[in-house]
Amino acid sequence: MLLRKYLKSFPKLQNVLTQKRLAQDYLKVEVTGESLKFPHVWLRDNCQCDACFHRSANSRFIDWSQFDLNVKPRDVSQDANTVKVIWEDGHKSSYQLNWLKFRSFTPESRKTYDMTIYKPTKKTWNKDTFGEAMAKFDYTEILVSDEILHNWLYHLSVYGVSLIQNTPDSDKALDAILEKVAFPKMTHYGAKYTIQTVANNKTNSVAYLPKKLQLHTDLSYYEYGPGVTLLHCEVQAEGDGGANLLSDGYYVADYMKQHHPEQYKLLIDTEVEWRNIGIENGIEFFKLHRSPVINLNKHEELSRIHFSIPQRSSYFPVNIEAVAPWYKAYTTFLELNNQYAAYLKTDPGDILVVDNLRLLHGRNSYEDTTSNVRKLNGAFLDWDEIYSRLRCLTVKLKNLDTIY
Ligand code: OGA
Ligand code: ZN
Ligand code: ZN
């Protein structure tokens, strides 16, 4: 009593002690010879009984206004497969041991979960290791086999690039692949679009000219930018023209961090305005999005690359003295991407699939004549949908029932 009164005059110390006590409020559970700890508050929060968890909605069903953050077990019992807890208010919870183990808070378990369920770890590459990064998949196999569909999406998430071959000669063929994942990402170009030279230079996109397309990410001017670009080659230009250039922007960002740290910092700190103004199918659009070239998440990991020369706004939302140094860093980034990029010329029947938040892609110029045409069908997918499909397939193929 006296101690409590004494502590009251030191609210900070009291706070620290309360935090410490709360952190020690956990249950120890023996699972296959391992002693795992689970906080009481987390266990009660994740009670799996029908009153607390709605099975078919797969969702927590607790009225949070009634939730006791200081909840304590009155009684705990364990058998070979289950831990049963009776809480102080009499509520009963039961947890399968393998369900608990899957959610263990140990660093090793969290890493395993991240890699198997959350997102596979990315591996960066450059033109010398492109052979390992670029895997080829068969169109029909992706459509008929869950395992191949899983492998394709897994590979795409790790390396950011893949090629689907033997696609039927039809501008509808891409639809089946998009539907196998989920649905296409809609943009002002529609759910799908055609990349073909437009006559008389009258185009709303420089991609529809036979000129070289410098390395870029697609639709940088979208805040919710398309995660993945799919380019189905229906007709390819003859000769050298029309080949694609591919660079792993994450590789180059890492390289810049090591070798040009000051310029790297400018590329992560300086907000650029990406822009596209035009009219498509009779509907006007005016897109603006501000973002640095290199984006990091809260763990300081790379999360998105924005890069475009044609679709960078002439309005630059920075202090005047920041302008010239930024241009230098931007140029270094492009030069390095060109230096480490791989060439690939797709054949009719190929779908080139590219992580658009990570890779930069470009295209050689080609000669467009009546006897040398080129036609690609383009579409986008979002990473939300790709990771979702990948997780569903992982759970199914590996029988990971503990996820539920
Ligand atoms: C594009 C593009 C590639 C190609 O349209 O944005 O990158 O091979 N096209 O035409
Ligand atoms: Zn319950
Ligand atoms: Zn593009």
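Trainee: Is leucine 246 buried or exposed?

Mentor: Leucine 246 counts as buried, because its relative accessibility is 0%, and the cut-off for that class is under 20%. Please keep in mind that this is a predicted model.

Trainee: Which strand is leucine 246 found in?

Mentor: Leucine 246 belongs to strand S13. In space, the C-alpha of leucine 246 is 8.8 Å from that of valine 161, and the two residues are 85 apart in sequence.

Trainee: What about aspartate 248, buried or exposed?

Mentor: Aspartate 248 is also found in strand S13. Its relative accessible area is 1%, so aspartate 248 is buried. The side chain of aspartate 248 has a polar contact of 2.8 Å with the side chain of arginine 358.

Trainee: And which residue does aspartate 248 stand opposite in S20?

Mentor: Leucine 359 is the residue opposite aspartate 248. Strand S13, residues 244–248, runs antiparallel to S20, and five bridges join the two.

Trainee: How many residues of S20 are buried?

Mentor: Five of the five residues of S20 are buried. In a regular strand, side chains alternate between the two faces of the sheet. In S20 both faces are covered, with Leu359, His361 and Arg363 on one side and Leu360 and Gly362 on the other.

Trainee: How many bridges join S11 to S20?

Mentor: Two bridges join S11 to S20, and these strands run antiparallel. Histidine 216 is placed opposite histidine 361 of S20.

Trainee: Let us turn to the ligand. Which residues surround ligand 1?

Mentor: The residues around ligand 1 are Ile195, Ala207, Leu213, His216, Asp218, Leu231, Asn244, His361, Arg363, Arg374 and Leu376. By class, five residues of this shell are nonpolar, three are polar and three are charged.

Trainee: Which side chains have polar atoms close to a ligand oxygen? I would like the distances.

Mentor: A side-chain N or O atom of arginine 374 is 2.7 Å from an oxygen atom of ligand 1. For histidine 361, the distance from a side-chain N or O atom to a ligand oxygen is 2.9 Å. A polar side-chain atom of aspartate 218 lies 3.0 Å from an oxygen atom of ligand 1.

Trainee: What percentage of the accessible area of ligand 1 does the protein cover?

Mentor: Ligand 1 has 290 Å² of accessible area on its own, and the protein covers 94% of this.

Trainee: Moving along from S11, where is leucine 219 found?

Mentor: Leucine 219 sits in the loop between S11 and strand S12 (228–235). Its relative accessible area is 6%, so leucine 219 is buried. Leucine 219 also has a positive phi of about 50°, although it is not a glycine. Most residues other than glycine have a negative phi.

Trainee: And glutamate 300, buried or exposed?

Mentor: Glutamate 300 is exposed, because its relative accessible area is 62%. It has a positive phi of about 65° and is not a glycine. Glutamate 300 is placed in the loop between strand S16 (294–296) and strand S17 (302–305).

Trainee: Which strands form a hairpin with asparagine 281 in the turn?

Mentor: S14 and S15 form that hairpin, with two residues between them, and asparagine 281 has a positive phi of about 50°. Strand S14 (residues 272–280) and strand S15 (residues 283–291) pair in the antiparallel sense over nine bridges. In one of the pairs, glycine 278 has phenylalanine 285 of S15 as its bridge partner.

Trainee: Now a helix. Which residues of H9 are buried?

Mentor: In helix H9, residues 173–181, the buried residues include Ala173, Leu174, Ile177, Leu178 and Val181. They span an arc of only 135° around the axis, so they lie on the same side of H9. An α-helix has 3.6 residues a turn, so residues three or four places apart point the same way.

Trainee: Finally, how many helices and strands does the protein have?

Mentor: The protein has 13 helices and 21 strands. Of its 404 residues, 46% count as buried. The C-alpha atoms fill a box of roughly 90 × 55 × 45 Å along the principal axes.

Definitions and conventions
Residues numbered from 1 in each chain as written. Chains lettered and ligands numbered in written order. Predicted model: local features only at pLDDT ≥ 70, side-chain atom pairs only at ≥ 80, totals over all residues. Heavy atoms only, no water. Near = heavy atom within 4 Å. Polar contact = N/O pair within 3.5 Å; in protein donor to acceptor, adjacent residues only side chain to side chain. Areas by Shrake-Rupley, 256 points an atom, 1.4 Å probe, with all protein chains shown as cover. Nonpolar A, V, L, I, M, F, W, Y, C, P; charged D, E, K, R; others polar. Buried < 20%, exposed > 50% of the residue type's maximum accessible area, 1.4 Å probe, protein only. Helix = DSSP H or I, 4+ residues; strand = E, 2+ residues; numbered from the N terminus. Arc of directions from axis to C-beta. Pairing = 2+ DSSP bridges.
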